[in-house]
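Biologist: I would like to learn how to read the features of a model like this one. Could we go through them in turn?

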Amino acid sequence: MILGIGTDICDVRRIRALHDKHPERFAAKAFTPREREVCDARPDPVPCLAKRFAAKEAVAKALATEFSGALSWHDVEVINAASGRPDVLLHGGAAARLRDLLPEGHAARIRISLSDERDYAVAFAVVEARPGC
Ligand SMILES: CC(C)(COP(=O)(O)OP(=O)(O)OC[C@H]1O[C@@H](n2cnc3c(N)ncnc32)[C@H](O)[C@@H]1OP(=O)(O)O)[C@@H](O)C(=O)NCCC(=O)NCCS
């Protein structure tokens, strides 16, 4: 059963401006150490950061919440499988929000898909529940 979907588009130029102006402050506020490590290893980290920024917003929408109050940017973390496929780990307020949404006796899975072109990054997220723990 699908519990929620979310999508977001992010202007890569906006992320580049924030990144160029306050590289350390912006990255530390919005991204986990693991996300920063992955993006810093790319020839240009900014599109990678922009995709993860869009992913966090898309997951927040799929969880039907806003990025304020209980949720922090670090609560939604994007990781990559060995194949490159992106995956999501939830922490803190986001994990609690998912537990609230989940019908009893169900396990949750979040799927995301990311893409980018020169100026834009997009993300799509689906929150799914399956019977079983
Ligand atoms: C892996 C692949 C999907 C990446 O596509 P791309 O156009 O180079 O890149 P995009 O900008 O659209 O998307 C990049 C994102 O795709 C995601 N991605 C990478 N590998 C993936 C995989 N195996 N499965 C799902 N998503 C993947 C990642 O999130 C990546 O961003 P990230 O590395 O920052 O996390 C592509 O190289 C590929 O193998 N495509 C298959 C094409 C195909 O079979 N076409 C025939 C259609 S009939």
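Modeller: Start with pairing: two strands pair if DSSP finds at least two bridges between them. Strands (E, at least two residues) and helices (H or I, at least four) are DSSP runs, numbered from the N terminus. In this predicted model, local features need pLDDT of at least 70 and side-chain atom pairs count only at pLDDT 80 or more, while totals for chains, interfaces and linings use all residues. Residues are numbered from 1 along each chain as its sequence is written.

Biologist: How many bridges join β4 to β5, and in which direction do the two run?

Modeller: Strands of a sheet pair through backbone hydrogen bonds, either parallel or antiparallel. Here β4 and β5 run antiparallel and are joined by eleven bridges. They form a hairpin, with three residues between the two strands. Two pairs can be picked out: A107 stands opposite R130 in β5, and S113 has F124 in β5 as its bridge partner.

Biologist: What is the order of the strands in the open sheet?

Modeller: The order is β1-β5-β4, an open sheet of three strands with antiparallel pairing. Its edge strands, each pairing on one side only, are β1 (2-11) and β4. Neighbouring strands are turned by 15° against each other on average, direction ignored. Such angles rest on axes, which are lines fitted to C-alpha atoms (for helices over the stretch in contact); angles run from 0 to 180 degrees between N-to-C directions. Between β1 and β5 there are nine bridges. In that pairing T7 stands opposite F124 in β5, and the partner of C10 in β5 is A121.

Biologist: Which strands does β2 pair with, if I look at the bridges to β3?

Modeller: β2 and β3 run antiparallel, with five bridges between them.

Biologist: Now single residues. Why does V122 count as partly exposed?

Modeller: The count is of other C-beta atoms, placed from the backbone, within 10 Å of the residue's own: 20 or more means buried, 12 or fewer exposed, and anything in between partly exposed. V122 counts as partly exposed because it has 18 C-beta neighbours inside 10 Å. V122 lies in strand β5 (residues 120-131). S115, in strand β4, counts as exposed because it has 11 such neighbours.

Biologist: Which residues does V122 touch, apart from those up to four places away in sequence?

Modeller: A contact means that the C-beta atoms of two residues, placed from the backbone, lie within 7 Å. By that rule V122 touches I9, A54 and S115. Distance along the chain is a separate matter: V122 and A55 are 67 residues apart in sequence, yet their C-alpha atoms are separated by 7.5 Å.

Biologist: Which residues have the most contacts inside the largest nonpolar core?

Modeller: A nonpolar core is a set of buried Ala, Val, Leu, Ile, Met, Phe, Trp, Tyr and Cys residues joined through C-beta atoms within 7 Å. The largest one has 31 residues, and those with the most contacts inside it are A50, A54, A55, A58, V59, I112 and A125. Its largest share, ten residues, comes from α4. Leaving aside neighbours within four places in sequence, A55 is in contact with V78, P86, I112, L114, A123 and A125.

Biologist: At what angle do α3 and α4 pack?

Modeller: Helix α3 (residues 33-40) and helix α4 (residues 45-62) pack at about 145°, with axes 8 Å apart. The contact is made by E35, V38, C39 and D40 of α3 with P45, C48, L49 and R52 of α4.

Biologist: Which residues are around the ligand?

Modeller: A residue is near a molecule if its C-beta atom, placed from the backbone, lies within 6 Å of it. The residues around the ligand are C48, K51, N80, S83, G84, R85, P86, L114, S115 and D116. The largest share of this shell, three residues, comes from β4.
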